[in-house]
Amino acid sequence: AFLKKNKMNILDIKGYDVVNGPGIRMSIWTAGCNNHCSECWAKHTWNPNQGKPTSECLSDIEEILLNNEIDGVSILGGDPLYSTFNRNDSEDLIKILDLCKKYDKDVWIWSGYSLDDIYHKDKRILDKVDVMVEGKYDKDKRNLNLFYRGSSNQRIIFMHEPKSECNFKYYVCSFKDNGYSVTEYNSDYDN
């Protein structure tokens with residue numbers, strides 16, 4: 001199929017994932033990343049022009065969302081915000097986020113872009129996501145004992161208070177009229 005250069009492509013959709021986020025999740029793997037972190041384990045996801053257009057995957061995503069056993073959705077890559085930052089186009093990601101919310105699924109996104117960059121580029125994403133795992137992977141801060149992230153510089157940021165207790169370091173973002181603040185919790189769990 002002909003891939004439009006300005007849209008987000010999907011590499012893979014897994015209907016049962018218990019590694020990338022809490023509970024049983026659907027994981028959506030996006031194409032495209034220009035962070036090119038040293039020792040990245042997912043270099044095969046960097047090319048933004050591989051995979052299928054999001055529009056061809058929405059019905060498959062919705063079918064999995066109908067499964068009541070699915071607790072949430074994890075969107076990874078590549079970088080799910082590649083199109084937002086490199087093509088000025090968040091619409092495919094917004095369609096996926098809206099679909100997840102239609103079925104009341106919590107959504108986690110992993111991105112190498114900072115919360116501040118995302119806030120200033122397209123705040124709609126932060127309004128529709130529950131958790132951002134933000135920051136580039138740093139091989140010098142690699143720690144295999146961390147929950148849901150590969151290096152200690154990456155932050156797990158909830159867009160509202162977590163619904164249950166977390167046994168890991170995390171942050172909560174509070175939005176204000178002209179910005180936001182971030183508060184750290186459980187700093188003694190890891191670094």
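**Ground rules.** I am working with a predicted model, where local features need pLDDT of at least 70, side-chain atom pairs count only at pLDDT 80 or more, and totals for chains, interfaces and linings use all residues. Residues are numbered from 1 along each chain as its sequence is written, and side-chain values use heavy atoms, with hydrogens and water left out.

**Helix pair.** I looked up α1 (residues 58–65) and α3 (residues 91–102), which pack at about 25° with axes 10 Å apart. That makes α1 roughly parallel to α3 (angles under 35 degrees count as roughly parallel). The axes are lines fitted to C-alpha atoms over the stretch in contact, and angles run from 0 to 180 degrees between N-to-C directions. Helices (H or I, at least four residues) and strands (E, at least two) are DSSP runs, numbered from the N terminus.

Next I listed who meets whom: Leu58, Ile61, Glu62 and Leu65 in α1 meet Lys95, Ile96, Leu99, Cys100 and Lys102 in α3, contact being heavy atoms within 4.5 Å. I sorted these residues into six nonpolar, no polar and three charged. Here Ala, Val, Leu, Ile, Met, Phe, Trp, Tyr, Cys and Pro count as nonpolar, Asp, Glu, Lys and Arg as charged, and the others, Gly among them, as polar.

**Cores.** A nonpolar core is a set of buried Ala, Val, Leu, Ile, Met, Phe, Trp, Tyr and Cys residues joined through side-chain atoms within 4.5 Å. Buried means under 20% relative accessible area, exposed over 50%, and partly exposed in between (1.4 Å probe, protein chains only). Which residues touch the most other members of the largest core? I found Ile75 and Ile109, out of 32 residues. The largest share of this core, six residues, comes from α3. Apart from it I noted another core of twelve residues, including Trp108 and Phe168.

I then followed Ile109: beyond its neighbours within four places in sequence, its contacts include Ile75, Leu93 and Val133.

**Loop residues.** Is Gly77 buried or exposed? I read 13% relative accessible area, so Gly77 is buried. Gly77 sits in the loop between β4 and α2 (82–86). Not counting residues up to four places away in sequence, Gly77 touches Trp29, Thr30, Ala42 and Thr45.

Most residues other than glycine have a negative phi. Still, I noted that Asn88, not a glycine, has a positive phi of about 50°. Asn88 lies in the loop between α2 and α3 and is exposed at 62%. Tyr148 also has a positive phi, about 60°, and is partly exposed at 21%.

Notes: Angles under 35 degrees count as roughly parallel, over 145 as roughly antiparallel, 65 to 115 as roughly perpendicular and the rest as oblique.
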